[in-house]
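Keep the viewer open as you read, and take the points one at a time.

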Amino acid sequence: MKDLLVIHYSRTGTARTVAETLAHLGEGHIGQVLDERPRIGFAGDVRCVVDQLMHRAPAVRYSGPNPNRFRHIVLVAPVWMRRLASPMTSFLRGNRLPEVKIACVTVMAREGGFTAMQELSDLLPSPLSADLVLLQQQVMNGEAMPRLARFIDEFLADDVVAAQRQTELSPNAA
């Protein structure tokens with residue numbers, strides 16, 4: 001296993017599919033943000049809408065490895081009503097992530113992925129190292145898989161390149 005943690009929130013399973021794919025490709029671990037009160041059926045749909053419109057912070061809990069043990073974290077979050085899904089917002093406001101290399105993938109139905117990415121970025125202790133916006137349809141029909149593979153390879157490979165570059169540029173290396 002590599003030094004990678006993929007944290008996701010998923011109501012419908014699409015973001016979970018992305019997270020599981022990234023963790024598998026990057027040989028990493030998975031953490032999950034869960035609603036304290038499940039969002040099942042029509043009542044769950046209504047809660048999603050109301051939470052987004054009212055900018056509410058629903059109660060959530062985290063299930064997974066301690067993020068402080070990892071140097072690479074990828075956050076995977078859905079977009080609801082052109083904004084970051086409120087459970088992921090609650091998680092990020094309530095849990096300060098370590099200042100490590102962090103990337104993000106947002107999954108949207110049609111639009112709002114870049115707005116959600118900015119919202120997420122504003123809640124982090126350090127700037128995003130990488131980001132990717134996907135359409136839900138691309139995930140469901142498999143189109144996103146090559147992009148996900150390239151994304152995780154580049155995210156994890158940057159450290160190898162940076163370490164080589166530091167050695168090559170170091171005056172002590174000569």
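Predicted model: local features only at pLDDT ≥ 70, side-chain atom pairs only at ≥ 80, totals over all residues.

1. The volume of the largest pocket comes to about 510 Å³.

2. Which elements each supply at least two residues of that lining? They are the helices α1 (14–25) and α2 (41–53), together with the strands β4 (72–80) and β6 (101–108). The largest share, four residues, is contributed by α2.

3. Now please look at Pro78, a residue of strand β4. Is Pro78 buried or exposed? Its relative accessible area is 12%, below the 20% cut-off, so Pro78 counts as buried.

4. What does Pro78 touch, once its neighbours within four places in sequence are left aside? Its contacts are Tyr9, Ala15, Arg83, Leu84, Ala85 and Val107.

5. Next come the aromatic rings, where the count is three aromatic pairs. One of them joins Tyr9 and Trp80, edge-to-face, with 5.9 Å from centre to centre and 80 degrees between the planes. Because Tyr9 belongs to strand β1 (residues 4–9) and Trp80 to strand β4, this pair ties together parts that are 71 residues apart in sequence. Both partners are buried: Tyr9 has a relative accessible area of 2%, and Trp80 has a relative accessibility of 12%.

6. Phe151 and Phe155 give us a pair with another geometry to look at. Why is this pair called stacked? The ring centres are 6.5 Å apart and the planes of Phe151 and Phe155 meet at 10 degrees, under the 30 degrees that stacking requires, so the pair counts as stacked. Both residues sit in helix α6 (residues 145–169), four residues apart, which is about one turn of the helix.

7. Phe151 is buried at 7% relative accessibility, and Phe155 is buried at 1%. Where does Lys101 lie in relation to Phe155? Lys101 is placed over the face of the Phe155 ring, 5.0 Å from the ring centre.

Notes: Residues numbered from 1 in each chain as written. Heavy atoms only, no water. 1 Å grid on protein atoms, 1.4 Å probe; cavity = no way out; pocket = protein on both sides within 12 Å on 5 of 7 lines; lining within 4 Å. Points joined across faces, edges and corners; volume = space filled by probe spheres on them. Buried < 20%, exposed > 50% of the residue type's maximum accessible area, 1.4 Å probe, protein only. Contact = heavy atoms within 4.5 Å. Phe/Tyr/Trp six-rings, centres within 6.5 Å; stacked < 30°, edge-to-face > 60°. Lys NZ or Arg CZ within 6 Å of the ring centre and 35° of its normal.
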